[in-house]
Number of protein chains: 2
Amino acid sequence: MRFMKGSCSSSALLVTDRVNRRYFSGVDIGEGFLFVADEKVYFTDGRYFLALKDKLAGSGVKAALYRSEEDLKEYIDRTGIKTLYVDYSTVTVEEYKKYKTFGVKIKNARPYIDRKRSVKSKEEIGFIKRSCEIVLKAYYDTLPEIKEGVTERELKNVFEKKCADLGAEAMAFDTIVAFGENSAVPHHETGDTKLKNNSAVLIDAGTLYKGYASDLTRTAFFGEPDEKFLKVYDAVLKANILAEENIRAGTTCKVADGIARAHLEKAGYKDNFTHSLGHGVGLEIHEFPYLSPRREDKLKNGNVFTVEPGAYFGEEFGVRIEDTVLLKGGKVERLFDDDKKPIIIK
Amino acid sequence: MRFMKGSCSSSALLVTDRVNRRYFSGVDIGEGFLFVADEKVYFTDGRYFLALKDKLAGSGVKAALYRSEEDLKEYIDRTGIKTLYVDYSTVTVEEYKKYKTFGVKIKNARPYIDRKRSVKSKEEIGFIKRSCEIVLKAYYDTLPEIKEGVTERELKNVFEKKCADLGAEAMAFDTIVAFGENSAVPHHETGDTKLKNNSAVLIDAGTLYKGYASDLTRTAFFGEPDEKFLKVYDAVLKANILAEENIRAGTTCKVADGIARAHLEKAGYKDNFTHSLGHGVGLEIHEFPYLSPRREDKLKNGNVFTVEPGAYFGEEFGVRIEDTVLLKGGKVERLFDDDKKPIIIK
């Protein structure tokens, strides 16, 4: 029994968290445990059992009734599982200690899950593409609503309504709308700030489509931008484009990040790019791989990730330009179709 | 250094999950680590640091900047912490392994946290009471909308809008609206079923007020109930009232559950009461104590919990009557002010 190349025989993957249960079974349900080995068996309790059975029909995944921990132990004993792979990044110490009592060897499944989930299937890419189209169109449809006096929250509401109307299931995370100096805070909490003339307007948002996320940031300007804003915008955009043009299958995350970082350093904004270049996107808005100066993982065809350089100037403004992209045929394919030139409103 | 009676000196509590960080600091923030010992120190990263400092002003809790794990290790070394209590039910194996490298002894804080959080302060009780008032009033205000042809989802939307208008911050969980045979599924997912004449109408919902939850279930009947429905309703209501009248400070969870269960057994519904009697309510909708046949914990003054017997008849209907109550002066005090008599509509 092997669930992955190189795992010991008699080993199985026990998937406990909701996102990974969905990934490995194709079905999203509130509670349960999914065993992945020669067969896939999905345990859930009486509340969800009938719904699960229904949803799994024809999928090849078996539904099983979970009444107590004894059912897991009994399954492990019956199928002869000797090594159980669980995800150390989601399994709690309490759960781990319980599995220990089952008399199996326990190993960390996270590296395997990360690698597997990071290479997207054609179907997954289709869902992410649709999610990207929705969020980009909603963004451009929202631009006419950027007017003096509108609040961040009002603009957020208009924007999210457009996403829903375009077919988004939900937002992938709490939309950031940041006016003026608020745009200098990378994780600004959208509030009641009113838009004043001559302010940056940063929107960072993503939608979910069939469970899959998109992630977009654009920084527009309301009024007449001064030279500094335009210079910073230009540097951030070049960093974004340089990274997208030069990342290849096989580039390490560290090197990918370095492409954008080197350009911003050269432009004099070394200390203003305060986060890493990007992160994987899929069923989760932040997932493996992480395009950070500290990660040596190599990017692969099928990876979907963000490229989001930024430069932040406390009490003045910030600029971030973020795309969601796909690595395909060795090179970056953009999932947003726009030229990213600075948008000046009014 | 002691954070609780009976903990070793040189011990500290490290709180990592969001709910408990909120509980022990009074502040709700997306990310961070809170140390509780002689002093309370709340670490968070650059994204949240200024907001945290602001929110903690005057609270006695110190804000500290988190840059990397080294900051935690350095704090532990500097303050001489020898034993670190962490919550095994939320800390992951990955985190646990990281703390292990800090050279401290690690113990499970969960039993301490459960006991502490289960005894509510006057302020917490005030918030829960308000949350209970909101959800009960919204329920009664929604009754006129129960009409032939309305869907579960439509009724849910009307109800949740009323909760928001009455001051609820959010719903505490996804509202269950179940018509007819759907009411026989304790965790029914609200859907597009239309209301037909002669159907049970079960609503299970809770709101949040200042972060604190309420939990209410009522089962009405649309049309002319038959004898079976009325008989079952009567038995469930008696089980509910018997439990509320007889639970005392010092009653074990098992005995509390048994009061309601014995009555339903006597009425002939032994196999139809398929879940446990109730659960604690507070910052979380399900928290310690659990009023289950398998729990020996003793109920205490200050505990807030649900009393929710039910009886379910597959393909016919189900009845559940759920109150949120407070244990005060040794006895149960009801936080919902209604007589729970069967509501027959039309």
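**Exercise 1.** In this predicted model, in which sense do S12(B) and strand S20 of chain B pair, and over how many bridges?

*Solution.* Start with the ranges. Strand S12 of chain B covers residues 216–222, and strand S20 of chain B covers residues 344–345. The two strands pair in the parallel sense, over two bridges. Now find a residue pair. Phe222(B) has Ile345(B) in S20(B) as its bridge partner.

**Exercise 2.** Find how strand S9 of chain B is joined to S12(B). Then explain why S12(B) counts as largely enclosed.

*Solution.* Strand S9 of chain B spans residues 199–205. Seven bridges join S9(B) to S12(B), and the two run antiparallel. One facing pair is Val201(B) opposite Ala220(B). Next, check burial. A residue is buried if 20 or more other C-beta atoms lie within 10 Å of its own. Six of the seven residues of S12(B) are buried, so the rest of the structure largely encloses this strand.

**Exercise 3.** Work out the strand order of the open three-stranded sheet in chain A, and say which helix lies across S10 and S11 of chain A.

*Solution.* The order is S7-S10-S11, with antiparallel pairing. Strands S7 (170–171) and S11 (212–213) of chain A are the edges, each pairing on one side only. Take S7(A) and S10(A), residues 207–209: two bridges join them. Met171(A) stands opposite Thr207(A) in S10(A). Helix H6 of chain A, residues 122–142, lies across S10 and S11 of chain A. H6(A) runs at about 140° to S10(A).

**Exercise 4.** What share of the 346 residues in chain A is buried?

*Solution.* Buried residues make up 43% of chain A. For context, chain A has nine helices and 20 strands.

Notes. Residues numbered from 1 in each chain as written. Chains lettered and ligands numbered in written order. Predicted model: local features only at pLDDT ≥ 70, side-chain atom pairs only at ≥ 80, totals over all residues. Pairing = 2+ DSSP bridges. Helix = DSSP H or I, 4+ residues; strand = E, 2+ residues; numbered from the N terminus. Contact = placed C-beta atoms within 7 Å. Axes fitted to C-alpha atoms, helices over the stretch in contact; angles between N-to-C directions. Buried ≥ 20, exposed ≤ 12 C-beta atoms within 10 Å, placed from the backbone.
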